[in-house]
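Keep the viewer open while you read, and click on each residue as it comes up.

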Amino acid sequence: MSRRTLLSGWGRTAPTVAHVTHPRSAEQVAEALSQAGPRGVLARGLGRSYGDAAQAAGGLVLDCTELTGRPRLDTERQEVTAPAGTSMERIIAHLLRRGHFVSVTPGTSHVTLGGAIAADVHGKNHHADSSIGAHVRSLTLITPDGRTRRLGPDHGDTELFWATVGGMGLTGVITEATVGVHPVETAYARVDTDRTRDLDSTLELMARTDHAYRYTVCWVDLLAKGASLGRGVLTRAHHARLTDLPLPQRRDPLRHRTATSMTVPPGVPSGMLNRYTVGAFNTAYYNAAPHRRRGQAQPIGGFLHPLDAVSGWNRVYGRSGFVQYQFVVPLGAEDTLRAVVEGLSRAGAPSFLAVLKRMGESTPGPLSFPRPGWTLALDLPADLPGLARLLNGFDERVIEAGGRLYLAKDSRARPETVHAMYPGLAAWRATRARADPDGVLISDLARRLELA
Amino acid sequence: MRDSLGSVRTVLLLGGRSEIGLAVAERLVREGAREVVLAARGGAGDAPSVFKALGATTHSLDFDAEASGTHAATVTAAVELVGDLDVVVDAFGVLGEQAEYEADPLAAARAAAVNYTGHVSVGLAVAARLREQGHGALVVLSSVAGVRVRRANFVYGSAKAGLDGFAQGLADSLHGSGARVLVVRPGYVATQMSRHVDPAPFPATPGQVAEAVSKGLRGRATTVWAPRVLQPVFAGMRMLPRPLWRRLGR
């Protein structure tokens, strides 16, 4: 049974209607794929892609969130296997109790395993551990011809494997995956915090110290001007060892906390976030951060997924929604980074979630986003006047610097822009054409960016 | 597809020579549209050079507003040319002279067919396609002339009244489908079509109508007035007693 449902991404812009079904097994996925109509089919997870990556207007959308089951941890091989609809949150909870942690998690744990692989997500440890694709040992992919394929970086059709990692769900439907894990002593992070006074000191401190930490991330105040332009709050962490914990926490060191502490009510009016409210927030946030703090024990979930504590935080942007702009430019292209930060500051663009990271090794996925360099991610209200022109201008600079946009977050780029950013697109298309010769798998993103 | 900031890829203009329609299409091209289909009787002729200069590809289609039997095929042909229809602008129509219509009922009926029934057949064909796509917008060029029909141009006005009602009903029928209808009610717009008519108060230019349409498409509006002041003005007009209304000039 399918129902016509209005779907949008996490940014709540440009919704479209599709028929939605909820397969509960790989067999049902294969059956649904065989029933795809002329408007195509697509798998969807928890809907955390910001743009239109998990929508398929007029088509059939397989909501895979019921494709779940108990994660299976293999401590000998240091890997966990789970159905693709299992949330990262559930996998982390399962692993932590057993003294392990996932190799890579994005900034929210409300993503499915299948979606995480399809977007080749990265986390705050990208500089140390690369993206999730680097840790996938194997995955099960059902292609539109009904074939079930076991793929991995060293077995099966490796070309199809890498086209699937970061392939935005356009090569088939992932139904199960095995990814690497690592042992941890506690469910805590040992966090060092530093405030930086401007962009130069932010970049310098990150470049100088992030090799020494597993996790690093910097919040940047994009509304700061003049001498404070690019000031930030840099946090870096390791998994805490037992001896890092204060005594009370040592009694139950692997206790995992996931409590949602706040909920944003529906119906928040648009325009609440403007340069004045966000400016005030940014200043307060910056001033509240310690100048320098060392060794603070913090629950790992709170450190890695701070926004998970605020349920429905995407609603604070009101009905018109918001866009997230994330790009990466190579090391050495700091000028591009500076131009974007200056452009946003000059435009008074109210972004209170601006996150800067240094990225490490990329995976061979032709559509994978991460590559060594600087990545900046920021949220902006979609109804900000002149936003299209501002971001199109940034796109040009990013292309010139040899950088790219993140497809899981994009919702407004032009096809030619993205084609110029992903030189592997032609190779990816050829592989996809083998797996899906009739072009059955489709998304609004793929239509808008003319990917497939 | 529409993107998160409201730009679209494709535009189908029904009434490919309409000045207002072309102004709307140009506006959408400036905002990022890349494929424009101009549909007009005998084809739309040469597309305005500004479309190409802005990087858009234009296509021409033969479209006869009076030949309702061909309208579904016209929509299919547009889809074959550009794929999904992101915005369809329904802008064809004839204004004519009221006195001539009163002297020639057949001419009046033909004008009514263009101004009303043609929109019904093509509007339903477009709506079917948009429903199937699960997204897209149909912009219907109505008129304040249809809000309250005047003695001075009641053939034209009554067809616009019918069109306006049809468009509102169509909008309701598309609710929940992912597709939408935007009803546009301009007042007097100085164009070739209205050259023989004296300007009315609160005139608008095609560019101003295009701006109102663009703004309406970005938000969730179901109706836009161009200029906006016409909405309260016509709220008052509707209250005017009939004997007074009858004597109103043009």
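The points below go from the interface to the aromatic rings and then to one threonine.

1. Before anything else, remember that this is a predicted model. So treat every number here as computed from that prediction.

2. Start where the two chains meet. On the chain B side, 19 residues are in contact with 22 residues of chain A. Together the chains bury about 1700 Å², and 53% of that is on carbon and sulfur atoms. If you want to know where chain B gives up the most area to chain A, look at B:M1, B:S4 and B:L5, which together account for 36% of what that side buries.

3. The rule picks out three salt bridges across the interface of chain B and chain A. One to click on is A:R447 with B:D84, where the closest N and O atoms are 3.9 Å apart; the cut-off is 4 Å. There are also eight residue pairs in polar contact across the interface. Sorted by class, the side of chain B that touches chain A has nine charged, eight polar and two nonpolar residues.

4. Now the rings. Over all chains the count is 13 aromatic pairs. Take A:W219 and A:Y285: their centres are 4.6 Å apart and their planes make an angle of 55°, a tilted pair. Since A:W219 is in strand β12 and A:Y285 is in helix α8, this pair ties together parts of chain A that are 66 residues apart in sequence.

5. Last, have a look at A:T16, in strand β2 (residues 16–21) of chain A. Why does A:T16 count as buried? Its relative accessible area is 4%, and the cut-off for buried is under 20%. The side chain of A:T16 makes a polar contact with the side chain of A:Q55, at 3.3 Å. Leaving out residues up to four places away in sequence, A:T16 touches residues of chain A, including A:L7, A:A57 and A:D444, and also B:M1, B:G134 and B:H135 of chain B.

Notes. Residues numbered from 1 in each chain as written. Chains lettered and ligands numbered in written order. Predicted model: local features only at pLDDT ≥ 70, side-chain atom pairs only at ≥ 80, totals over all residues. Heavy atoms only, no water. Contact = heavy atoms within 4.5 Å. Buried area = accessible area lost by both parts, 1.4 Å probe. Salt bridge = Lys/Arg side-chain N within 4 Å of Asp/Glu carboxyl O. Polar contact = N/O pair within 3.5 Å; in protein donor to acceptor, adjacent residues only side chain to side chain. Nonpolar A, V, L, I, M, F, W, Y, C, P; charged D, E, K, R; others polar. Phe/Tyr/Trp six-rings, centres within 6.5 Å; stacked < 30°, edge-to-face > 60°. Helix = DSSP H or I, 4+ residues; strand = E, 2+ residues; numbered from the N terminus. Buried < 20%, exposed > 50% of the residue type's maximum accessible area, 1.4 Å probe, protein only.
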